[in-house]
2 protein chains.
Amino acid sequence: MKRIADSTVRRLSLYLRFLEEAEARGSATISSEELAKKGATTSAQVRKDLSFFGSFGKRGLGYSVPELAARLRQILGLERSWSVVIVGAGKIGSALAQYRGFRQRGFSVIAVYDSDPAKVGSEWDGLVVRDIATLEADAAHERPDIAVLATPGEVAQGVAERIAKAGIPAILNFAPVQLQLRADIAVKNVNMALELE
Amino acid sequence: MKRIADSTVRRLSLYLRFLEEAEARGSATISSEELAKKGATTSAQVRKDLSFFGSFGKRGLGYSVPELAARLRQILGLERSWSVVIVGAGKIGSALAQYRGFRQRGFSVIAVYDSDPAKVGSEWDGLVVRDIATLEADAAHERPDIAVLATPGEVAQGVAERIAKAGIPAILNFAPVQLQLRADIAVKNVNMALELE
DNA sequence: CTAATCTTGTGAAGTATTTCACAAGACGCG
DNA sequence: CGCGTCTTGTGAAATACTTCACAAGATTAG
């Protein structure tokens, strides 16, 4: 079995969103054509994407909305909950910590870290900001799945190395630097200014 | 001339960041190999990306750092300043309004809008939150280049239509919905939960 | 000036992704 | 049941993107 293309994953995630809308509206089935129109793609593309994982549509009818939604959740790894820690309690970190979209998608924020003593101990939306010094010790028993890196660029590389050493296997990087880490750490970069270009 | 691939633009933006670092360090030239190593790609890829716009390297030497940086800024449209309005003064809107990365890249936030009377009139970082009711009138004379849509999903489509009607030609959409707009409005979607999947 | 060494620019080859096009299954209706 | 209509699943074709490989320009050292 070949690797799933990044572009395919993005589209699957989009399809899932449309399926959830359809589910809420009470539709029982949906065609590749409908999914395509909402997602600004083609029906052939939708079918190709889905057929990669097997065939769960009915000819002449379309796809069963609840069945396809369940299948996509499984493919995207959303049938289980992922625990997330946010490192950096600045502007971006605070927006992310309170972003409802994560919870809705099965990601639960279990901790926020910062190095600024003025911020450590303050409470946000039920979460107490922890001292970054305790990152390694906490990670050893809480075993978070993903770290969101939202520090200033200057310290991002150093903090990323600590995250890697603490045994957290994936980093979502909001800092505007390219991280250099061991290949077994999954790094995904997000650059908001880049989106505007 | 063919359209520039999305993946190419992303890399060009990355190269520019490395060039700015090199500029700060005082390097006069840089090779495709060096750019490739930092950007986790190959030197052939770097050269192909750049050769698309002409040939401005020197064989045996590499590329002139300031010259290439200037050329990339021009290609990416960063030689001029773009004015941005943020619509939606919630968590994401406020993080974006204060995000320094935009300014550094030539995007200046000229206004923030919200529909909540409790927020309208309050001041953020030198910007007064305006009532969304004045969007059309303001846009007519300020002519912003880009609107950042950071409203809740339920109202995003309606607000996007107003933005389009107000004559703003590009939207960066942070709401978790797929906008349906006229084809001449450039829409770019950002979905933070998606990045984790 | 010549030789050795770098590094670009670019066809050609190799992969990957998207679109086309159509056979065949599924349903509804008379 | 037979017919018309809808919609999937999928090879094949088309397109797009990446990597290879090498000729040729540029520099440095002797």
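The questions and answers below take up helix packing, the chain contact, the DNA surfaces and the nonpolar cores of a predicted model.

Residues are numbered from 1 along each chain as its sequence is written, and chains are lettered from A and ligands numbered from 1 in the order in which they are written. Because this is a predicted model, local features need pLDDT of at least 70 and side-chain atom pairs count only at pLDDT 80 or more, whereas totals for chains, interfaces and linings use all residues.

Q: Why are helix 2 and helix 3 of chain A called roughly perpendicular?
A: Helix 2 (residues 32–39) and helix 3 (residues 43–51) of chain A pack at an angle of about 110°, with their axes 8 Å apart. Axes are lines fitted to C-alpha atoms, for helices over the stretch in contact, and angles run from 0 to 180 degrees between N-to-C directions; helices (H or I, at least four residues) and strands (E, at least two) are DSSP runs numbered from the N terminus. Angles under 35 degrees count as roughly parallel, over 145 as roughly antiparallel, 65 to 115 as roughly perpendicular and the rest as oblique, and the two helices are therefore roughly perpendicular to each other.

Q: What makes the contact of helix 1 with helix 2 of chain A?
A: The axes of helix 1 and helix 2 of chain A come within 10 Å and cross at roughly 105°, and these helices are therefore roughly perpendicular to each other. The contact is made by A:R11, A:L14, A:Y15 and A:F18 of helix 1 and A:L35, A:K38 and A:G39 of helix 2, where two residues are in contact if their C-beta atoms, placed from the backbone, lie within 7 Å. By class, this contact has 4 nonpolar, 1 polar and 2 charged residues; Ala, Val, Leu, Ile, Met, Phe, Trp, Tyr, Cys and Pro count as nonpolar, Asp, Glu, Lys and Arg as charged, and the others, Gly among them, as polar.

Q: How many residues of chain A are in contact with chain B, and which element of chain A gives the largest share?
A: In chain A, 29 residues are in contact with 30 residues of chain B. The largest share of the side of chain A that touches chain B, 5 residues, comes from helix 9 of chain A, and by class that side has 15 nonpolar, 6 polar and 8 charged residues.

Q: Which element gives the largest share of the surface near DNA strand D?
A: Helix 3 of chain A gives the largest share, 6 residues, while the closest residues to DNA strand D are A:S55, A:G57, A:G60, B:A5 and B:G60.

Q: Why is A:A170 called partly exposed?
A: A residue is buried if 20 or more other C-beta atoms lie within 10 Å of its own, exposed if 12 or fewer, and partly exposed in between. A:A170 has 17 other C-beta atoms within 10 Å and is therefore partly exposed. A:A170 is found in strand 9 (residues 170–173) of chain A and touches A:D145, A:I146 and A:A186, not counting residues up to four places away in sequence.

Q: Which residues touch the most other members of the largest nonpolar core?
A: Of its 67 residues, A:V148, A:L149, B:V148 and B:L149 touch the most other members, a nonpolar core being a set of buried Ala, Val, Leu, Ile, Met, Phe, Trp, Tyr and Cys residues joined through C-beta atoms within 7 Å.

Notes: A residue is near a molecule or strand if its C-beta atom, placed from the backbone, lies within 6 Å of it.
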